[in-house]
Amino acid sequence: MDETKLIHMAQGGDLDAFNRIVGAYQDLAYNVAFRLLSDPAAAEDATQDAFISAYRNLSRFRGGSFKAWLLRIVTNGCYDELRRQKRRPIASLEPEDAAGDPFDSAVWMVDPGESPEELAQRVELSEAIQRCLDSLDEEFRAAVVLVDVQGLDYAEAASALDRPLGTLKSRLARARGRLQDCLQGLEELLPIEFRLESEGF
Amino acid sequence: MNFSLPQPDWELLSAYMDHQMDERQERAIEARLAEEASLQQALARLQRTRALLRRAPQRRAPRSFVLHPEMVASKRAPGFRWPFSLSTVSAVATILFALVLLSDFALYGVPLALLRGAPAPAAEALEEPMALQAPAEADAGEEALEPPRESPEGTPLPSEDEELQLFAAQEEAQDLAEEASREMQAEGPDFQAILRWAEIGLGALAIVTGLEAGRRKRARN
């Protein structure tokens, strides 16, 4: 069944139809929340809250890209959470979970068939990228997460961030420039092929 | 950015890399790239950064986020929506509040909501005849002691009989006013009270809905 029909059914109160949409977007929503919040538990809460909010406000969706509309709810929820964290910093700033393990544990990695070396390399890459993303202001981070990490096109990303296209372009360029500097400083965490190429960084 | 390249050039390169330019802009930047080595280097670095970001591992959702009825039961069904937004209600309440306030000023010269001890119309109606009656009685007492008077122009004032008739007519009018006020109290609407409560209610509604609409807007943003 196509997305438009599912949305229409969900707007009529059909929770099962909405849950099929949830199934299609939950990985994307969770990844965006995780890259913005840099905390798996907070990302989980933000994703769940975003789906609840999306269902309750589905009558406000007037067509266009549902993905962009949903991601706007996710990013707004993440901004709220980041502001809450700034007001009440209770969590450790170290990138680790409650057991003291690095949060980029292999458990959630997508490809279970890869070799230990490949896995280690991916964990290192993910950590390096996340550290550099964390150094950006939230709106710059959101621009680069949506376009470069999640592969949204400019129009969808601008709609998800509720900003004009020109603002998105400008923020994306700045974010890429800052990430480039940051990644250069974390060269030891980059995959070998990028380290070899990093002479140019 | 640790090497010198003006911000507009970064933006141009970033947009060029993502094919977010029109043909004319593309030709212009390509002409510059052919000439400027620093621009070529910067483009190469940007391309590597983007390639690295695109390789950022994607995570699988740690659990299912499907909704259960109890998660969404506390709010209304998604299909339902109030016909007016909160900000519209706030705007209408503010306008009505201003109109009621203006009518107060026009009728009474002061907002009724500020007159906490303002007497109800029925009480005023009952007090009024007494107030009218008292000077009339005082006048009658004084007249009994004084000789008949003349107006400054020499026109004779009404005789005692005529004054009695006038007094009787006044009393009759007061009786009618009292009766009318009692009827108003029993049947008719208390106009001042309605106006006063409308003023308080509309003012409170305008403030509460305005604050809530602002809060929701901030929450959405």
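This report describes selected features of a predicted model, from the make-up of one chain to individual side-chain pairs.

## Chain B as a whole

Chain B contains 8 helices and 0 strands, and its order along the sequence reads α-α-α-α-α-α-α-α. Of the 221 residues in chain B, 25% are buried, and the chain exposes about 15000 Å², of which carbon and sulfur atoms supply 60%. Among contacts in chain B with a separation of 6 or more, 67% are between residues 24 or more positions apart.

## Backbone at two loop residues

Most residues other than glycine have a negative phi. Ser38(A), which is not a glycine, has a positive phi of about 60°, and this residue is found in the loop between helix 2 (15-37) and helix 3 (40-56) of chain A. With a relative accessibility of 16%, Ser38(A) counts as buried, because buried means under 20% relative accessible area.

Asp162(A) also has a positive phi, near 55°, and is a residue other than glycine. Asp162(A) is found in the loop between helix 7 (154-161) and helix 8 (165-185) of chain A, where its relative accessible area of 42% makes it partly exposed.

## The disulfide

Over all chains the structure holds 1 disulfide, which joins Cys132(A) to Cys182(A) with an S to S distance of 2.1 Å. The pair links distant parts of the chain, since Cys132(A) is in helix 5 (residues 116-134) of chain A and Cys182(A) is in helix 8 of chain A, 50 residues apart. The torsion about the S-S bond of Cys132(A) and Cys182(A) is about -85°, so the disulfide is left-handed.

Cys132(A) is buried, with a relative accessible area of 1%. Another cysteine, Cys78(A), is buried with a relative accessible area of 0%.

## Aromatic rings and charges over them

The whole structure has 7 aromatic pairs over all chains. In one of them, the rings of Tyr25(A) and Phe66(A) have their centres 5.8 Å apart and their planes at 45°, so the pair is tilted. Tyr25(A) lies in helix 2 of chain A and Phe66(A) in helix 4 (residues 66-87) of chain A, so this pair ties together parts that are 41 residues apart in sequence. Both Tyr25(A) and Phe66(A) are buried. The rings of Phe61(A) and Phe66(A) have their centres 5.4 Å apart and their planes at 90°, so that pair is edge-to-face. Phe61(A) is buried at a relative accessible area of 9%, and Phe66(A) is buried at 1%. Ring pairs link Tyr25(A), Phe61(A), Phe66(A) and Trp69(A) into a cluster.

Charged groups also sit over rings. The charged end of Arg178(A) sits over the ring of Phe140(A), 4.9 Å from its centre, while Arg59(B) lies over the face of Phe34(A), at 3.7 Å from the ring centre.

## Ile73(A) in helix 4

Ile73(A) is placed in helix 4 of chain A and counts as buried at 18% relative accessibility. Leaving aside neighbours within four places in sequence, Ile73(A) is in contact with Ala50(A), Ser53(A) and Ala54(A).

## Salt bridges

There are 14 salt bridges over all chains. One of them is between Glu44(A) and Arg63(B), whose closest N and O atoms are 2.7 Å apart. Glu44(A) lies in helix 3 of chain A and Arg63(B) in the loop between helix 3 (37-54) and helix 4 (69-72) of chain B, so the pair joins two chains. Glu44(A) is partly exposed, with a relative accessible area of 23%, and Arg63(B) counts as partly exposed at 32% relative accessibility.

Arg72(A) forms a salt bridge with Asp162(A), the closest N and O atoms being 3.8 Å apart. This pair links distant parts of the chain, with Arg72(A) in helix 4 of chain A and Asp162(A) in the loop between helix 7 and helix 8 of chain A, 90 residues apart. Arg72(A) counts as partly exposed at 27% relative accessibility. The side chains of Arg84(A) and Glu81(A) meet in a salt bridge at 3.1 Å, N to O; being 3 residues apart in helix 4 of chain A, Arg84(A) and Glu81(A) are separated by about one helical turn. Salt bridges that share partners also join Asp148(A), Arg176(A), Asp18(B) and Arg50(B) into one network.

Methods:
Residues numbered from 1 in each chain as written. Chains lettered and ligands numbered in written order. Predicted model: local features only at pLDDT ≥ 70, side-chain atom pairs only at ≥ 80, totals over all residues. Heavy atoms only, no water. Helix = DSSP H or I, 4+ residues; strand = E, 2+ residues; numbered from the N terminus. Buried < 20%, exposed > 50% of the residue type's maximum accessible area, 1.4 Å probe, protein only. Disulfide = S-S within 2.5 Å. Phe/Tyr/Trp six-rings, centres within 6.5 Å; stacked < 30°, edge-to-face > 60°. Lys NZ or Arg CZ within 6 Å of the ring centre and 35° of its normal. Contact = heavy atoms within 4.5 Å. Areas by Shrake-Rupley, 256 points an atom, 1.4 Å probe, with all protein chains shown as cover. Salt bridge = Lys/Arg side-chain N within 4 Å of Asp/Glu carboxyl O.
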